[in-house]
Amino acid sequence: MAEVEFESCSAEATLAVPLDVVFRVCSGVGQSRSKGGGQNLLFTSSEITTLLKIEMLSHELDCLLSLVYDSLERVHKMKEVQTRIRAVNSVHPYLRALMPLVHVHRETAEVALKHATNEGFGIKRILKELDLCAHDLAKCAEQNLTMASQIENFLGSNSALSRDKRAIAEIEEAVSERIQNLSDLAFGSVSDRSLIADNAEPFVSMKELCERLFPKTTPEYTESQFDAAETLATMLN
């Protein structure tokens, strides 16, 4: 059986939107319209802040999960070593000299495990912060879908900007839904089987999803598209 590449389905791979998508630039007329001669970004500043926070939290979550796995494995091994030393004590009494060292290794792993699962600054805290980010992204996705519909009403269904707004909304909805599923599994709201359909598709990382939704080239937007987008953004905020 082929080995599973855990990095491909880590929390970061599942939730983190690639930076080249987060800082995707609207080329064409939009660059000259931005304040201070800078560049217009497809995501808003609040969306960028939320997505970057999710990336940092998911990386932190992966580190803590790795720490938990290593700590549990070490505790199990040290318990086994202690049991074996006691079992052969009558034949090899000199092995008891290793008991203090084994105890230190086991105690260190247990302390690390306690810190990683601490409610104040461990895994639970990260999941709570991710839940807040998911709530913010869900609202952003709804706004982007509304804006896309309004742009299409003004400019037609072939508008590049409306297509990108819908793509952004799909990304934000996907991140929000994945965070919710992760939180439900962590806090026991649902079983892992209930999240896996019989005909479930293979896991798709956030990078792969973004590559499907956005081409490598940066689209050109017209003056009228930016006028409509700026007007709608003002109305929605």
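## Helix packing exercises

The axes of helix α4 (residues 45-87) and helix α5 (residues 99-116) cross at roughly 155° and come within 8 Å. The model is predicted, with local features needing pLDDT of at least 70, side-chain atom pairs pLDDT 80 or more, and totals for chains, interfaces and linings using all residues. Residues are numbered from 1 along each chain as its sequence is written, and side-chain values use heavy atoms, without hydrogens and water.

**Exercise 1.** Classify the direction of α4 relative to α5.

Solution. Step 1: angles run from 0 to 180 degrees between N-to-C directions. Step 2: angles over 145 degrees count as roughly antiparallel. Step 3: α4 is therefore roughly antiparallel to α5.

**Exercise 2.** Divide the residues of the α4-α5 contact by type.

Solution. Step 1: contact means heavy atoms within 4.5 Å. Step 2: Ala, Val, Leu, Ile, Met, Phe, Trp, Tyr, Cys and Pro count as nonpolar, Asp, Glu, Lys and Arg as charged, and the others as polar. Step 3: the residues divide into 14 nonpolar, 4 polar and 5 charged.

**Exercise 3.** Describe the packing of α7 and α8.

Solution. Step 1: helix α7 (residues 160-186) and helix α8 (residues 206-213) have axes 10 Å apart, at an angle of about 160°. Step 2: α7 is therefore roughly antiparallel to α8. Step 3: the crossing of α7 and α8 is right-handed. Step 4: α7 contributes Ala167, Glu170, Ile171, Ala174, Val175 and Arg178, and α8 contributes Met206, Leu209, Cys210 and Leu213. Step 5: these contact residues comprise 8 nonpolar, no polar and 2 charged.

Definitions and conventions:
Helix = DSSP H or I, 4+ residues; strand = E, 2+ residues; numbered from the N terminus. Parallel < 35°, antiparallel > 145°, perpendicular 65-115°, else oblique. Left-handed = near helix turned anticlockwise from the far one by under 90°.
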